[in-house]
Amino acid sequence: MNAGWDLRVETLHLPLQDPFVIARYAPGEGYAVTTVVVELRSPALPGLVGIGEGCPESYYGETASTMAVVMDELLGAVPPEMLDLEGGAGAARAALIAIGTAFDSAIRGHGAAKCALDIALHDLAGKALGLPIHRLLGLLPEIPPTDFTLGIDEPAVVAERARRSAHFPALKIKVGGPHDLATLEAVRDVFEGPIRVDANIGWTPESAAALLPELVRLGVELIEQPFPPRRYAWLRDLQAISPLPI
């Protein structure tokens, strides 16, 4: 039961313009994406629809089907009146935080389902109050700097994508494949800005240690998720020799 909310769910399967392959993907993954779009209505806010979206991640055991079931369970823990808008933006912010806490208490994990509902709830609250989301949250309208992420491919292909993306303030390059160093050198040839690398659990202690001086030479800013989960000793040892943040 979803406690009076009206939830409508649509699953979309979208081909990607450029493949987005990461180290832990199975063969054939990274060429299309499955995403779930939701419409959320509250009986207290007739005529308004909150739009949200979440992308199920198979690495965490999520699918479009599990998202639909979990979202219904999550809404069952949150009555519509919990979205208190009577006190304006401040009350709405407090209510959204409380709803997020209730979601976490109802069920662990399932980040894609929580994401879709959280976005829809923010959208619904903003529309009800006539506020864009940045004002609802008390933020400035300027978008903070972010990087643009490029998936694993042949070095020349990644470099061409980096060249097309050079207007971003930084690039994050997915590594953990067979041509990491060649890829990063090719990217550096066409992009002068900050480079970050994300191995998505694709390295071993030996491969990370061998690449480390080359990453420093190429001006890499940081290393993300080099090793599989809970390899704390591997992380400790890499941190001990790395001048780069892990």
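Let's start at the largest pocket: 18 residues line it, and Y25, V33, C55, P56 and E57 are the ones nearest its centre. A pocket here is an open set of points on a 1 Å grid over the protein atoms alone, where a 1.4 Å probe fits, with protein on both sides within 12 Å along at least five of seven lines; lining residues have an atom within 4 Å of a point. Keep in mind that this is a predicted model, in which local features need pLDDT of at least 70 and side-chain atom pairs count only at pLDDT 80 or more, while totals for chains, interfaces and linings use all residues. Residues are numbered from 1 along each chain as its sequence is written, and side-chain values use heavy atoms, with hydrogens and water left out.

The volume of the largest pocket comes to about 390 Å³, counted as the space filled by probe spheres set on the points, with grid points joined across faces, edges and corners. Its lining splits into nine nonpolar, four polar and five charged residues.

T35 counts as buried because its relative accessibility is 4%, where buried means under 20% relative accessible area, exposed over 50%, and partly exposed in between (1.4 Å probe, protein chains only). Beyond its neighbours within four places in sequence, T35 is in contact (heavy atoms within 4.5 Å) with E10, T11, L12, L14, E53, G54, C55 and P56. A polar atom of the T35 side chain also lies 3.4 Å from the backbone oxygen of G54.

Next comes R8, in strand β1 (residues 6–15). R8 has a relative accessibility of 45%, so it counts as partly exposed. Leaving aside neighbours within four places in sequence, R8 is in contact with V37, V38, E39 and R41. Its side chain also makes a polar contact of 3.1 Å with that of D6; such a contact is a pair of N or O atoms within 3.5 Å, where within protein one must be able to donate a hydrogen and the other to accept it, and residues adjacent in sequence count only if both atoms are side-chain atoms.

Now over to helix α6 (residues 180–190), whose buried residues are D180, T183, L184, A186 and V187. Seen down the axis of α6, these fall within an arc of 160 degrees, so they line one face of the helix; the arc is that of the directions from the helix axis to the C-beta atoms. They pack against α5 (155–164), β5 (170–174), β6 (195–198) and α7 (205–217).

H110, in the loop between α2 (88–106) and α3 (111–129), has a positive phi of about 55 degrees although it is not a glycine. R230, in the loop between β7 (220–224) and α8 (232–241), likewise has a positive phi, of about 65 degrees.

Finally, step back: the protein chain has eight helices and seven strands, and 38% of its 246 residues count as buried.

Note on methods: Helices (H or I, at least four residues) and strands (E, at least two) are DSSP runs, numbered from the N terminus. Ala, Val, Leu, Ile, Met, Phe, Trp, Tyr, Cys and Pro count as nonpolar, Asp, Glu, Lys and Arg as charged, and the others, Gly among them, as polar.
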